[in-house]
Amino acid sequence: MSRALKAATLVAREIWLPVLLVAAWWWLSAGSTSLYWPALSEITGRFVDLWFFDHLLEDALPSVVRLVTGFGIGFAAAVVLGLVLGSVPALEDATRPLVEFMRALPSVALLPIMMLLLGTDDDMKVITIAFVSTWPILLNTVEGVRSVDPVLHQVAAGYRLSTWHRIRYVVVPAALPQVFAGARVALSMSVVAMVLTEMVGSPGGLGYFVLDSQRTFDIVAMWTGLIVLGLIGYAANKAFGLVEARVLAWHRGYTKQKEDQR
């Protein structure tokens, strides 16, 4: 099978169901007079008017910037802290109750505190996203570090690797699969936190656009905002998947080789 045909097959497998559902939505909503369930043809017409390009730059782009910034801060902080806690079992055991407590706090409950401490501007939104995304990555990083094969540590000690080189070439590669597993969960939580903070924070962003459209009974505009949110979530997940595939290419090759040997 050629590369082009293989790519086309993969794309077809992924989009056939969404295309079918959109077609069904278009057909079932045709001629709808309901205020709350407008026809998809009306939504798509309004979508073009709203999002190409004024609201794309005013609302969608700032939301994406907040999402990427907050998730990036949370990812970096969680990996560094996870490496420390995973490498020092006594410290990890001492902080585990606190970490579990903070992880269990829902982002909705944190919003009043964040607003009191940081106001309602972008700082509050970014820090809330970072806070929410930290805990799944942190816990998975700790587990990944602690599950490194002891034989690898023995080999590193035999070659007298320094602490830095042991972390760089042994611990981090071995823990990366679990780090990315936690990051995938954190990404979806970050999108939710982004929407929530924009709904209660200062005007601007997709969350505020959807809420304001609902308050003013502009239901068609509200539906277009929901579609944009879905598209951004899908694009974020695909982009993350591409990064994960690139970073963990060696791991997939190693796993496939082990399966072939069985």
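Of the 262 residues of the chain, 35% count as buried, where buried means under 20% relative accessible area, exposed over 50%, and partly exposed in between (1.4 Å probe, protein chains only). The model is predicted: local features need pLDDT of at least 70, side-chain atom pairs count only at pLDDT 80 or more, and totals for chains, interfaces and linings use all residues. Residues are numbered from 1 along each chain as its sequence is written, and side-chain values use heavy atoms, with hydrogens and water left out.

**Exercise 1. Overall description**

Solution. 
- Step 1. Helices (H or I, at least four residues) and strands (E, at least two) are DSSP runs, numbered from the N terminus.
- Step 2. Accessible areas come from the Shrake-Rupley method with a 1.4 Å probe; for residues, only the protein chains shown count as cover.
- Step 3. Among contacts (heavy atoms within 4.5 Å) between residues at least 6 apart in sequence, 74% join residues at least 24 apart.

**Exercise 2. The buried face of α2**

Task: Work out how the buried residues of α2 are arranged around its axis, and name elements that cover them.

Solution. 
- Step 1. Helix α2 (residues 40-51) has twelve residues and reaches 16 Å from its first C-alpha to its last. This is close to the expected 16 Å at 1.5 Å a residue, the expected span being 1.5 Å times one less than the number of residues.
- Step 2. The buried residues in α2 are Leu-40, Ile-43, Phe-47, Leu-50 and Trp-51.
- Step 3. Viewed down the axis of α2, these buried residues fall within an arc of 85 degrees, so they line one face of the helix. The arc is that of the directions from the helix axis to the C-beta atoms.
- Step 4. The cover over the buried residues of α2 includes α1 (3-29), α3 (54-87), α9 (206-215) and α10 (219-247).

**Exercise 3. A nonpolar surface patch**

Task: Which residues form a nonpolar patch on the surface, and which helix gives the largest share?

Solution. 
- Step 1. Patches are made of residues with over 30% relative accessible area and no salt bridge; like charges are joined within 9 Å, nonpolar side chains (Val, Leu, Ile, Met, Phe, Trp, Tyr) within 5 Å.
- Step 2. The patch consists of Val-48, Phe-52, Phe-53, Leu-56, Leu-57, Leu-61 and Val-65, with about 660 Å² of accessible area together.
- Step 3. Helix α3 supplies the largest share, four residues.
- Step 4. Leu-57 is found in α3 and is exposed, with a relative accessible area of 56%.

**Exercise 4. A salt-bridge network**

Solution. 
- Step 1. A salt bridge is a side-chain nitrogen of Lys or Arg within 4 Å of a carboxyl oxygen of Asp or Glu. The structure holds eleven salt bridges.
- Step 2. Arg-146 is partly exposed at 40% relative accessible area, whereas Glu-92 counts as buried at 4%.
- Step 3. Asp-93 lies in α4, so the pair ties together parts that are 53 residues apart in sequence.
- Step 4. Being three residues apart in α4, they are separated by about one helical turn.
- Step 5. Glu-100 is partly exposed at 27%, and Arg-103 is partly exposed at 42%.
- Step 6. Glu-92, Asp-93, Arg-96, Glu-100, Arg-103, Glu-143 and Arg-146 are linked in a network of salt bridges.

**Exercise 5. Contacts of buried residues**

Solution. 
- Step 1. Val-126, in helix α6, counts as buried at 15% relative accessibility. Val-126 touches Arg-66, Thr-69, Gly-70 and Ile-73.
- Step 2. Thr-134, also placed in α6, counts as buried at 12%. Thr-134 touches Gly-74 and Ala-78.
- Step 3. Ser-190, in helix α8 (residues 163-200), is buried with a relative accessible area of 0%. Ser-190 touches Leu-67, Phe-71, Ile-129 and Ser-133.

Technical notes:
Lists of a residue's contacts leave out its neighbours within four places in sequence.
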